[in-house]
Protein chains: 4
Amino acid sequence: MSEQRTALTGTALTGLVDTFERSAVFELEHPRYVGAPIYPAHWPGFVYTLHRHHEAVGAGVRTSASGTITMQEHSGTHIDALCHQAVEMQMFGGVAVTPEVQTPRGFTQLGAETIAPIFRRGILLDVPAATGVKTLGPGYLVTADDLALAERTQGVVVGEGDCVLIRTGTGSSYSDPESYLAGAGVGPDAARWLAARKPYLCGADNVAFDVPEFNDPELGALPCHVVLIYEAGIYIVENLQLEDLAASGNHEFLFVCLPLKLEGVTGSPVRPVALVLP
Amino acid sequence: MSEQRTALTGTALTGLVDTFERSAVFELEHPRYVGAPIYPAHWPGFVYTLHRHHEAVGAGVRTSASGTITMQEHSGTHIDALCHQAVEMQMFGGVAVTPEVQTPRGFTQLGAETIAPIFRRGILLDVPAATGVKTLGPGYLVTADDLALAERTQGVVVGEGDCVLIRTGTGSSYSDPESYLAGAGVGPDAARWLAARKPYLCGADNVAFDVPEFNDPELGALPCHVVLIYEAGIYIVENLQLEDLAASGNHEFLFVCLPLKLEGVTGSPVRPVALVLP
Amino acid sequence: MSEQRTALTGTALTGLVDTFERSAVFELEHPRYVGAPIYPAHWPGFVYTLHRHHEAVGAGVRTSASGTITMQEHSGTHIDALCHQAVEMQMFGGVAVTPEVQTPRGFTQLGAETIAPIFRRGILLDVPAATGVKTLGPGYLVTADDLALAERTQGVVVGEGDCVLIRTGTGSSYSDPESYLAGAGVGPDAARWLAARKPYLCGADNVAFDVPEFNDPELGALPCHVVLIYEAGIYIVENLQLEDLAASGNHEFLFVCLPLKLEGVTGSPVRPVALVLP
Amino acid sequence: MSEQRTALTGTALTGLVDTFERSAVFELEHPRYVGAPIYPAHWPGFVYTLHRHHEAVGAGVRTSASGTITMQEHSGTHIDALCHQAVEMQMFGGVAVTPEVQTPRGFTQLGAETIAPIFRRGILLDVPAATGVKTLGPGYLVTADDLALAERTQGVVVGEGDCVLIRTGTGSSYSDPESYLAGAGVGPDAARWLAARKPYLCGADNVAFDVPEFNDPELGALPCHVVLIYEAGIYIVENLQLEDLAASGNHEFLFVCLPLKLEGVTGSPVRPVALVLP
């Protein structure tokens, strides 16, 4: 590496770091704590206990504190890996679920470690804002028409490779698990509308992107999971915190998300952020 | 929000997304798997078991797979929260460790959730490259002189607010836990040298940044933890994977790291990345 | 060992095994399952996930299934070890809680592994039966008078070394956690009455032996724990299932309980049984 | 219940309790601690972290300590439930492994909660003592002839309903995991010999009753598990501590074992004891 290249890199880098410093950073992750809302299949969700405590052990002595996390990978704000879903023992891309692929310690293909770091254009489709309500009602299924209306009224167009975040308003009740778990979600025709635009990732501010109780006559339970993950290989992010971003009125941003390289795991907790440029 | 502003944002954003697409992204996280190296105090480290399996349950039927993660927060590539360290029952900034602050479920101050998303200038100080060896020897303590030499020969200058990554070469033996755990680390005078430059974060490619067995006559065990975390409030990242970045010859980059908002937890697993601009 | 002795042992043993076969065995443990009642400090209690599944892997092939238990030691029917309680950093027998005794991995003294196998006379004091109600009301504190009345009307006398099981009737609502956790318990004067008789162990059919919300003016929260464990070194068993035994009308029996040798742990799950001789 | 009956019960009971007090109680469970030997499929085995600590919080104030256990059910001394084994998706008694029977939270049939409290005649067959060695060599497979020899020379006869404990001597190296895991075990013809005698339970002082690495030409890996659990419904106990009992020279005793009522779990940790009558 030449000195000259370092210098050039430095100049561009300084500009970029400066851009970030002047950007607004919106956090899209809910805090993780014992008692946060959790879909029953993933109970108890996030648990933390501190076992190495700071304690008075002598003059000037340093102590370390640390603990144990027990966590279902689909608790809190998280991304689904493609191995999370299968239809008739086949996953996205025709990967067969054999005992070599599905093991007691996780999957040897399509696990969370295969998700690349994400730096992409993000689009917020704020459905309650588009339809003129505060939040969508319990169990409401967002439709393709809802998304098209949001796109139109919010001045954005979903394009290939984008990360599309759909706000239902459910996230505003995250601190009330019962209400949160009964909230709105995305319906199957909206998933078809999304898949046709070939986004990289879709996210929503509810527990399962889908409405957990909804059963599609054709696709069964969690139909958006079939359409997006299984058929199209599009990642889904759940339990997004979209209230701050929506309140800012920004619908287009840099979406950054760095899933952990959890080998063979069916998803990863994430702290996605939206950067709105100055 | 006006349509015009959206349009402007869109143009700048397109340029930025384009910049990222043309950047080289270096991954700085080791994969997480059962049996990865773990410091004894944090044993067993990362454990994952899959309990919801895909299984043949009927024609056309979708299935979900998911599992249970049990993890010490200081396993794998992770960032230390400021509550991780105390001296005589006091943490960074003079926060006293009282029963209100230190609870069985974690800390009410200085936990991982207080770490902001990190988009900053990153600097790689490659000590073995500077000193002309392949990797530093077992238990070697990186000195201030080593860092100054690396800075000088690698054409970079550590500045306030930077994220400084120190390569010892130990990370090349991550797949061999015994060898990895016995590797080199950073010594206390190097920590003083770093703290004087006021970086935002320091990281290294070994198990504890410090050499775990080393006892400083004055500061005791893990002296860099005292100097950086306790005295200066500078974050430490451990178990970095710096081999790919070092091999590329880049020493200056955009460092991005998004610790999970783990309430009261003494650290967070992370997937940091280095972006080298085109 | 002589042949003769074996023969003699054999004869007596045959008689004893025969006695057991003709005895009525009453189970005193509630089943352990996800969602069982749990005191908030010990949430989430018992969790089990199966990760090694039986699956069709070939003609005639054997498979093993197994899983992961995550459990607070004070969940379900369990015995408290003496290290579970301290007053001003001192445990039973004046053992000081120093960093050598209390470690992040448990206690080096008074842990569950120090509890001997228990084969002793058991006494059931059925308070609702004695007082003519079906079950004691929410938050009711069993008194010394209640115990004396039960002793008198049920034809038993608590003696030194006995295992005394106190029925409040709360256990009948174990399948309804909210109701169960709000149930009756034992009050401090009853604990004094018990301690004076020097039993080996006391148990009750509620979540904490004490009423968790009760604060004694002198002893504070969980006063029976102070009186029995801390002052007297008498073990406490919680979450007993006493309904079947009580329904049988037996108040005196062989009490058998084999706590696990969990080194340094503050309690152990147990399956105590009451054997009523023929 | 009449007073008279209580009195009678009391007399017989007093005699029995007295018998137990004068009996020698041999413990057959190894202590449970972090780092104990564990078969790789069940790694990390037993883990305990203490999170509620005793701490100085005020004059006269009581504190409770408690922690979190994470445990594979087949760690340490444990009994296998019948659902632990299947051949071609069928368990003991022809129970088919369907999605209704095998769930992510465990089995709805043949789980640990179905094992009755065990009070039965126990027989120790001490193979090294019979064959005149200190301990059987690494990987040695106990044969039917070995058991017959032990029976003959040790003056006992295995009968229907008995609990048969087979000593290989491997348990003497429990504190050295590598050596312990490489130890001796029971071979398939010994399992046939045992099954023909219809015992209630068989146990051994090694990690898997079988020798884990052994593959029977006909039955495959873990053939004793096929013969005893799958074919005959005979329980297996593993990791027994038989050194103290063997040293005492007693080969016939009362065997008591109380597996936890872990619903749907494939095994239970246990603390079996052998009582040798006076």
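## Strand β19 of chain D

In chain D, strand β17 (residues 252-257) and strand β19 are antiparallel and are joined by 3 bridges, and F255(D) has A274(D) as its bridge partner in β19(D). Strand β1 (residues 24-27) of chain D also runs antiparallel to β19(D), here with 4 bridges, and the partner of V25(D) in β19(D) is L275(D). Two strands are said to pair if DSSP finds at least two bridges between them, while the strands (E, at least two residues) and helices (H or I, at least four residues) are themselves DSSP runs, numbered from the N terminus.

Strand β19 (residues 273-276) of chain D is covered on both faces, with V273(D) and L275(D) buried on one side and A274(D) and V276(D) buried on the other. Buried here means under 20% relative accessible area, exposed means over 50%, and partly exposed lies in between, with a 1.4 Å probe and protein chains only.

## How to read the model

This is a predicted model, in which local features need pLDDT of at least 70 and side-chain atom pairs count only at pLDDT 80 or more, whereas totals for chains, interfaces and linings use all residues. Residues are numbered from 1 along each chain as its sequence is written, chains are lettered from A and ligands numbered from 1 in the order in which they are written, and side-chain values use heavy atoms, with hydrogens and water left out.

Within chain D, strand β2 (residues 46-52) is antiparallel to β4(D) and joined to it by 6 bridges, with R52(D) standing opposite S66(D). Pairing also crosses to the other chain, for strand β4 (residues 66-72) of chain C and β4(D) pair in the antiparallel sense over 5 bridges, and there M71(C) stands opposite I69(D).

## The relation of chains D and C

Chain D is superposed on chain C by a rotation of 180° with 0.0 Å of shift along its axis, at an RMSD of 0.0 Å. That is the relation of a two-fold axis. In chain D, the C-alpha of T70(D) is the one nearest the axis, at 2.2 Å from it. The same surface serves both copies, since 100% of the contact residues of chain D recur in chain C. Copies are superposed by least squares on the C-alpha atoms of residues with pLDDT of at least 70 in both.

## The interface of chains D and C

On the side of chain D, 102 residues are in contact (heavy atoms within 4.5 Å) with 102 residues of chain C. The two chains bury about 8100 Å² between them, and 61% of this area is on carbon and sulfur atoms. In chain D, the residues that lose the most area to chain C are R62(D), K261(D) and R271(D), which together make up 10% of what that side buries. Buried area is the accessible area (1.4 Å probe) that two parts lose on being put together, summed over both.

The rule finds 42 residue pairs in polar contact across this interface, both residues being at pLDDT 80 or more. A polar contact is a pair of N or O atoms within 3.5 Å; within protein, one must be able to donate a hydrogen and the other to accept it, and residues adjacent in sequence count only if both atoms are side-chain atoms. The rule also finds 2 salt bridges across the interface, and a salt bridge joins the side chains of E27(C) and K261(D) at 3.7 Å, N to O. Helix α1 (residues 3-22) of chain D gives the most to the side of chain D that touches chain C, with 10 residues.

## Salt bridges within chains

Over all chains the count comes to 40 salt bridges, each being a side-chain nitrogen of Lys or Arg within 4 Å of a carboxyl oxygen of Asp or Glu. In chain A, E29(A) forms one with R32(A), with the closest N and O atoms 2.7 Å apart, and both residues are buried. R271(A) likewise forms a salt bridge with E29(A), the closest N and O atoms being 3.9 Å apart. Because R271(A) lies in the loop between β18 (267-269) and β19 (273-276) of chain A and E29(A) in the loop between β1 (24-27) and β2 (46-52) of chain A, the pair ties together parts that are 242 residues apart in sequence.

In chain D, the side chains of E243(D) and R167(D) meet in a salt bridge at 2.9 Å, N to O. E243(D) lies in helix α7 (residues 243-248) of chain D and R167(D) in strand β11 (residues 163-167) of chain D, so this pair ties together parts that are 76 residues apart in sequence. E243(D) is partly exposed, with a relative accessible area of 23%, whereas R167(D), at 9% relative accessibility, counts as buried. Salt bridges that share partners also join E27(A), E29(A), R32(A), R271(A) and K261(B) into one network.
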